[in-house]
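Please look over the model shown here and ask on what grounds each of its features is named.

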Amino acid sequence: SPTPMSSLSIFSELREFLRGANVCDCLSGASLLVFQEEDSVRHVLERLSEKDVRSAPVLFKDGSYKFVDYIDLLDYLLKTLSPTGAEIPEEVVNDPAHLEQFLSTSVSTVANYSGRNPFIPFQSSSTVLEVGAAFPNAKRVPIFNEKQELLGLVTATDIIRLVLANKWDSIAANHLTVREFLDPRDVITVFEEDRAANAFQKMATKSLSALPVVD
């Protein structure tokens with residue numbers, strides 16, 4: 001159905017707000033977790049869990065960066081256990097030698113292994129609208145200052161928080177519905193009795209970070 005004129009008006013208002021907002025307004029100011037290319041997967045998992053974050057940049061010795069997240073780690077592990085993508089035998093899943101080999105792997109090997117984490121840098125002078133154009137191709141966007149120092153990362157959630165903090169009254173008054181934001185695509189599910197390894201393979205194949213579980 002056509003989008004109501006009132007909805008078009010609020011979208012135009014939000015666009016102008018994002019055009020005038022600086023991307024640094026989205027940065028939380030929290031300390032940034034950065035891995036070195038020689039760090040092990042074990043160290044990466046420990047630090048991601050400790051900081052309660054899903055992803056972090058990896059700094060290589062040549063000064064370049066890549067992202068690593070749980071999907072990269074999961075995708076690498078599954079490809080190691082089953083190069084053809086076939087169902088992983090129970091004895092392979094339960095073999096501690098495979099897990100130890102995985103945990104000892106250098107993060108440089110798994111950084112952006114899934115190919116879903118492009119590192120698209122923006123300057124701190126950029127507008128939120130300019131940075132927002134990197135989504136959905138990018139899951140998160142690194143922000144650098146004029147000295148090319150990494151200031152932090154911006155996600156789509158950060159942009160949403162900024163909009164809600166500044167434009168909530170306009171959004172609430174417009175009576176937008178969820179339907180106007182729906183992404184029409186098949187929903188992939190798993191059942192309670194499905195093997196975890198099979199669920200992980202589905203997630204890796206579709207580049208998903210979560211799956212709904214149906215009883």
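The turns below set computed values against the criteria behind them.

Q: How do you know how far this model can be trusted?
A: This is a predicted model, in which local features need pLDDT of at least 70 and side-chain atom pairs count only at pLDDT 80 or more, while totals for chains, interfaces and linings use all residues. Residues are numbered from 1 along each chain as its sequence is written, and side-chain values use heavy atoms, with hydrogens and water left out. The mean pLDDT (the predictor's confidence in each residue, from 0 to 100) is 86, and 88% of the residues reach 70 or more.

Q: Which elements have the lowest and the highest mean pLDDT?
A: Helix 9 (residues 196-206) has the lowest, 74, and strand 1 (residues 35-36) the highest, 98. Helices (H or I, at least four residues) and strands (E, at least two) are DSSP runs numbered from the N terminus.

Q: Why are R19 and E16 called a salt bridge?
A: The term requires a side-chain nitrogen of Lys or Arg within 4 Å of a carboxyl oxygen of Asp or Glu. The closest N and O atoms of R19 and E16 are 3.3 Å apart, so the pair meets the cut-off. Because they are three residues apart in helix 1 (residues 5-20), about one helical turn separates them. The whole structure has six salt bridges.

Q: What makes strand 5 and strand 6 a pair?
A: Pairing needs at least two bridges found by DSSP between two strands. Strand 5 (residues 140-144) and strand 6 are joined by five and run antiparallel, so they pair. I143 has G152 of strand 6 as its bridge partner, and V141 stands opposite V154. The hairpin of these strands has five residues between them, and there Q148 takes a positive phi near 65°.

Q: Why are strand 4 and strand 6 called edge strands?
A: They belong to an open sheet of three strands in the order 4-5-6, with mixed pairing. Strand 4 (122-123) and strand 6 (150-155) each pair on one side only.
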